[in-house]
Amino acid sequence: MSARGYDLDILRAAFPAWSLFCSDAGVFYATRRGVHLRDADIDKGLWQTVSADDAEVFVSLLRDQTQMAVRL
């Protein structure tokens, strides 16, 4: 599946802990797969769901959130 020139299957393979999709309006969304964050996790900056209108920003958010989760 391609959205705005990005292959979502490649992004899904790169971020397997996230469920990714692109809306009909072209907005990218990802939510953590099988994880429900606690308030303490959210207070530390983790997000349950990320979204962005721009694919580069979307990938950057996913990278940041993935790295942050590893550090906590």
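Of the chain's 72 residues, 33% are buried, where buried means under 20% relative accessible area, exposed over 50%, and partly exposed in between (1.4 Å probe, protein chains only). This is a predicted model, in which local features need pLDDT of at least 70, side-chain atom pairs count only at pLDDT 80 or more, and totals for chains, interfaces and linings use all residues. Residues are numbered from 1 along each chain as its sequence is written, and side-chain values use heavy atoms, with hydrogens and water left out.

**Overall fold**

- You'll find three helices and five strands here, with helices (H or I, at least four residues) and strands (E, at least two) taken as DSSP runs numbered from the N terminus.
- Their order along the sequence is β-β-α-β-β-α-β-α.
- The chain is as compact as a globular protein of its length, because its radius of gyration is 12 Å, close to the 11 Å that the globule rule gives for 72 residues. That radius is taken over C-alpha atoms, and the rule is 2.2 Å times the number of residues to the power 0.38.
- Along the principal axes, the C-alpha atoms fill a box of roughly 35 × 20 × 20 Å.
- Take the contacts between residues at least 6 apart in sequence: 37% of them join residues at least 24 apart. Contact here means heavy atoms within 4.5 Å.

**Surface and charge**

- The accessible surface of the chain is about 4,600 Å², and 55% of that belongs to carbon and sulfur atoms. Areas come from the Shrake-Rupley method with a 1.4 Å probe, and for residues only the protein chains shown count as cover.
- The chain has 8 positive and 10 negative charges, and their mean positions are 7 Å apart. Lys and Arg count as positive and Asp and Glu as negative, while His and the chain ends are not counted; each charge is placed at NZ of Lys, CZ of Arg, CG of Asp or CD of Glu.
- R38 sits in the loop between β4 (28-32) and α2 (39-43), and it counts as exposed because its relative accessibility is 54%.
- R38 and D9 are 29 residues apart in sequence, and their C-alpha atoms are 29 Å apart in space.

**Nonpolar core**

- The largest nonpolar core holds 15 residues, and W18, L20, A30, V50, F58 and L62 have the most contacts inside it. Such a core is a set of buried Ala, Val, Leu, Ile, Met, Phe, Trp, Tyr and Cys residues joined through side-chain atoms within 4.5 Å.
- At least two core residues come from each of α1 (8-14), β3 (18-22), β4, β5 (49-52) and α3 (55-71), and α3 gives the most, with five.
- Beyond its neighbours within four places in sequence, F58 contacts L11, L20, F28, Y29, A30, V50 and A52.

- V59 belongs to helix α3 and is buried, with a relative accessible area of 10%.
- Not counting residues up to four places away, V59 touches L11 and F15. V59 and F15 are 44 residues apart in sequence but 9.3 Å apart in space, C-alpha to C-alpha.
- V27 lies in the loop between β3 and β4, and counts as buried at 16% relative accessibility.
- Leaving out residues up to four places away, V27 touches F21, C22, S51, A52 and D53.
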